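Hello,

Here is the model I promised to send over.

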Amino acid sequence: MKSKNKIEQIFSNGANKRAFLIKSPAFITYLTGVSFPYPYQSPFLIALVGNGSDGQSTLIIPVEWDGIVNEWNGKVLTYSVNDGGPGGAYLKKVIETLESCSDFKQSLSLDYESWTVREIKALQQKYPKLKITNCSDEINLARMIKNEKEIENLRQAAIIADRGLIGAFNHVEGTVTTVCYTLSEFLERVRVHAIEFGANWVGDLNLSQGKDGSAWYTPITDFSVVEEGNMIRINYSLSVNGYWCVSNRTVFAGNPGKEDLAAYQANQKLVKYAESLLKADVKISTFCSKVQQQAEKEEIQLLADFGMGHGVGTSEYEMPFLTIDNSETLKEGMVISMGLKTLGKMNEIIISSDIYLIKSDGYEKLSDFVNWDDIYLINGVRFTH
Amino acid sequence: MWNQNNYSKIKSYLKKNSEVDGIIIADPAFLAYATGLNLQSLSSNQSQCVLAFFSALESCLVCPKSLVSTYVNAGWGDSVLAYSDCVAPQETAVNYLVNFIKNHLKKNSAIGVIEEALPQVVADQLNRLLPEYQMIDVSEKLMKLRQIKSTFEKENLIWAAMYTDHGIAGAIHHVARSVGKTEKFLTEDIRVHVLERGAHISGYRAVAQAVSGDNARVMWPNAPFFAVGRESNFQEGKLIRLEMCGMYNGYWSNDSRMLVKSNVISDDQEAFASSLAKLRTTALTKIKPGVRANEIFEFIRAEGLKLNLNLCVEFGFGHGIGVEPVEAPFICASDETVLEENMVIVLWLSARYPSNEEIMASKDTLLITETGSRVLGWYENWDHTYTAAFTF
């Protein structure tokens, strides 16, 4: 019922009741509470079609996904690749569903950014007088402020993200002086432990070691192993009930030298400063520029051009974006991932990002399973492990 | 690092085709194809927009500063135009691209775009900022280009298929009749074994499934847990559906096998499995250059009826594979694509096992040869249904 309320809040509002057609999986999960298997990486498309006047809506999914919608009161229709390939069959079903939508005359509210040229052409060909209004901003604005249930999902995702990492570290600890863990298997351990602690699915997976970490994404294409004396950065994402955590942590294999310790401490010193600025009504551009100024003052090599964070919710990266050109203000109830990218002694990117719930007087850290103020050491030697 | 890229293929297309003077690429799959770097997160990351432009002489890639080193490491030797993280990355990236095009392509030139994947909002901005240029849809032509695999692509697809099939075989070696095993454990075992063989680790859809009983009645059981497996133990004597999508150098595998969790196979299971194996053998005789995808579909459907198989016709019987685990052409009722030499497709035969309508499947990667097709990556003879060891 709750998810239906979200639909009503946006599309059944006063005199502005309208027919709607939504394609973005993140929007659909937000509106319906239904999550889908890797929708952005799938060749198959989904849609939510509905009436503003009565809040009734229909989910359109590929027939391969039949059975995934369990706790939603709306109607579910499937399409088969046999009806025109994934794209053609999808559009046919969308148009067929629009035809049965009582609010749909010649105007339609849709998330314009999600639609391709070919899809818009097909809609316009079918309805030459079609008047399209873009509802993306309305949905994005609503999505930015999280309710209690959403916050709980995000908290759980954040805790699982750290537990997944710690679980994997625990396997590697004791093996750093022997050739035991390939980077690939190490990263797989992260996925395995996130799943074991309750992640519904894992998204991005990246690990960089030592100087390779000067690049943000470092695909692993060999059997390289964990090597003592290196910073290791892991970036990954996971979802719980359709809500995401993006996790970025930097740890050290073996015993760090003074320079490594200093680089990590500098990063965390800047993070503490940034945290002191986090609260509702702070302008995002001001926040970013103050952090940048502090980095200059402290002579910390901050990669300010790489951004400082973003919202998390039914997508991994969503509004608000913590960028210096963002004139929006932080608001109570926003949940953001904030992390600062600074450089280590080999120019490797150091980051440890956390998930913050913005409050009127500050923030609450949702990712509070482990304290990352000091660099985490993957260490220890054992003959067998 | 991934040093390959396909842009020579795109450039040679541009030299041969005078209808367009340049091509804009904006979607993650075509970007993976063109740059050699398959960044799956681009599909779902609103804060990063990557665009590429090719003409016969010039190329450029627009990306956020945070990705520059990644693309350079991947062998991108041409111009990289980088923008700082910002509140409107798509709009910013298009502005950078437009400036490059204005400086490198004369007015009134024709620019190819992939309308099938190009966001309308990007097209609107391009049309507004480049009124002197003509945009032409090249979706079909570029998709065709992607469908015919180069030697390098074929090698990657062969390794991906081989490691995955070998990995599945390695994982099921750990299944025994008298030893308990959960879905979650076997799912993990498959992923780990595929990686051990040499597949490259990847997130998102690079996952496995191992399901039986009621969970096997749908393709994605346990929602909202997707392909991570649950704690349920496999029952002795049951058929188990195994699946894995893996990646190698940015190219995918998409494999499915089945096994019986017993050292003995029942008569019903044997009849079902051997019918599916027979259907695969028969289907392979039809898959060759010159045959339309929908003809193959109809042929398989008819042969399946003869074998009394309850085929999952609604899924189609296969698809192309490359920088996406599922891509065109589709072996389905509506696809009239004529198969050509050097296409790589996945033959996907799935049917419902009679007693409980569990979906069991066989997925084989095929390279279309001059005269027929070649099965890639078979680790063992899957015509015989795999039965578990009694114990270990």
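Below are some notes on the interface between the chains and on a sheet in chain A.

This is a predicted model, so to speak of local features we need pLDDT of at least 70, side-chain atom pairs count only at pLDDT 80 or more, and totals for chains, interfaces and linings use all residues. Residues are numbered from 1 along each chain as its sequence is written, chains are lettered from A and ligands numbered from 1 in the order in which they are written, and side-chain values use heavy atoms, with hydrogens and water left out.

The interface first. Chain B and chain A each bring 70 residues to the contact (heavy atoms within 4.5 Å). About 6,100 Å² is buried between them, with 58% from carbon and sulfur atoms (accessible area, 1.4 Å probe, lost on being put together, summed over both parts). On the chain B side, B:Ile201, B:Tyr204 and B:Phe226 lose the most area to chain A, together 12% of what that side buries.

There are seven salt bridges between the chains (a side-chain nitrogen of Lys or Arg within 4 Å of a carboxyl oxygen of Asp or Glu). B:Glu116 and A:Arg118 form a salt bridge at 3.0 Å, N to O.

Now the sheet. In chain A, six strands make an open sheet with mixed pairing, in the order S4-S3-S2-S1-S5-S6 (strands are DSSP E runs of at least two residues, numbered from the N terminus; two pair if DSSP finds at least two bridges between them). Strands S4 (75-79) and S6 (131-134) of chain A are at the edges with a single partner strand each, so one side of each has no neighbour in the sheet. S1 (residues 19-22) and S5 (residues 107-110) of chain A pair in the parallel sense over two bridges, and A:Leu21 stands opposite A:Leu110 in S5(A).

Best wishes

Key
Buried area = accessible area lost by both parts, 1.4 Å probe. Helix = DSSP H or I, 4+ residues; strand = E, 2+ residues; numbered from the N terminus.
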